[in-house]
Amino acid sequence: SAKELFELYDSFGIPVSLAVATGSKIGANDIEFLKNVIKKGGAVVPHSHNHLPSWGGNYDTAFNEATLSKAWLEENVKEARPVRYAVSPFHQNPPFAVKALPDAGYKGFVGGTIHNDPEFLLGRAGRAPFVSKEIVSSSQQCMFHGDCFHRYGSSIEIYKESFKNHMQAGAIFGYFDHPFSDAYQYGWNSEDERLGVHKEFINFVKKSGKILWWNFNDCLDFLWERNFVSVGVENGELKIEYVGKDKNIPPFEIKWKGKSFKK
């Protein structure tokens, strides 16, 4: 059901990231499609196993959901290894679930702006608070759905405004849609309408300057490594130190007092 949208983005050379509820009916053709998404530079990540509200309502269920979905992907789509990030079902991130994710072997997750738990709704992507283990998160998402599109006069102006605000702030801009199928349409009148709107938005973004199109894993890998950059001021001078283990990461750019510093 995501094939046509994937083909549109692939025609622009843009990677697509898919979040998969691994407990769904997934056949051999679906698995081959997921492998091809990764081959073309995209990412395939867990969206839990059974897509339960609030990750199932308690720590044990959340841990099980995270573990099952990670194991399924690593077993059936080996190209997705190592599975290290997830997209939260219903964008909900109760504290027990955020604690369960690193226990299940995850390094980060994306929540969202709808139905999110306020303590994990981050204005700036980075390390999630109130969790003893290291885990990063990004909440900067945009619901690119047909009902939203039609609500704003069948126009993408609101999406353009959101993108411009993120670009001005130097922030990560993430937007997403759901597969168009018999089960879910999310307000789109047809697949052709949806593809046309996505194409219009892609062309707008591409004309907005030098844009780095990352897949989901690349984006959260950056957040994970950035988490280990220590920034401070000593005697009026900026001090930057990388305290992580990966010494091959590209230099980070720190903006301070109107100037850029690379480390």
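Visitor: Where is Tyr 9 placed, and what makes Tyr 9 count as buried?

Guide: Tyr 9 lies in helix H1 (residues 3-11), where helices are DSSP runs of H or I with at least four residues, strands are runs of E with at least two, and both are numbered from the N terminus. Its relative accessibility is 6%, and because buried means under 20% relative accessible area, exposed over 50% and partly exposed in between (1.4 Å probe, protein chains only), Tyr 9 counts as buried. This is a predicted model, in which local features need pLDDT of at least 70 and side-chain atom pairs count only at pLDDT 80 or more, while totals for chains, interfaces and linings use all residues. Residues are numbered from 1 along each chain as its sequence is written, and side-chain values use heavy atoms, with hydrogens and water left out.

Visitor: Which residues does Tyr 9 touch?

Guide: Leaving aside residues up to four places away in sequence, Tyr 9 touches Ile 14, Val 16, Tyr 175, His 198 and Ile 202, a contact being heavy atoms within 4.5 Å.

Visitor: What makes a set of residues a nonpolar core, and how many residues has the largest?

Guide: A nonpolar core is a set of buried Ala, Val, Leu, Ile, Met, Phe, Trp, Tyr and Cys residues joined through side-chain atoms within 4.5 Å. The largest has 54 residues, and those with the most contacts inside it are Tyr 9, Leu 18, Val 77, Tyr 175 and Phe 201. Helix H7 (residues 191-206) contributes the largest share of this core, 6 residues. A second, separate core of 20 residues includes Val 136, Phe 216, Phe 228 and Ile 240.

Visitor: How many aromatic pairs are there, and why is the pair of Tyr 59 and Phe 63 called stacked?

Guide: Rings of Phe, Tyr and Trp (its six-membered ring) pair if their centres lie within 6.5 Å, and planes under 30 degrees apart count as stacked, over 60 as edge-to-face and the rest as tilted; by this rule the count comes to 18 aromatic pairs. The ring centres of Tyr 59 and Phe 63 are 6.1 Å apart and their planes stand at 15 degrees, so this pair is stacked.

Visitor: Why is the pair of Phe 144 and Tyr 159 called tilted?

Guide: Their ring centres are 4.5 Å apart and their planes stand at 45 degrees, so the pair is tilted. Phe 144 is in the loop between strand E7 (141-143) and helix H5 (146-151), whereas Tyr 159 is in helix H6 (residues 157-169).
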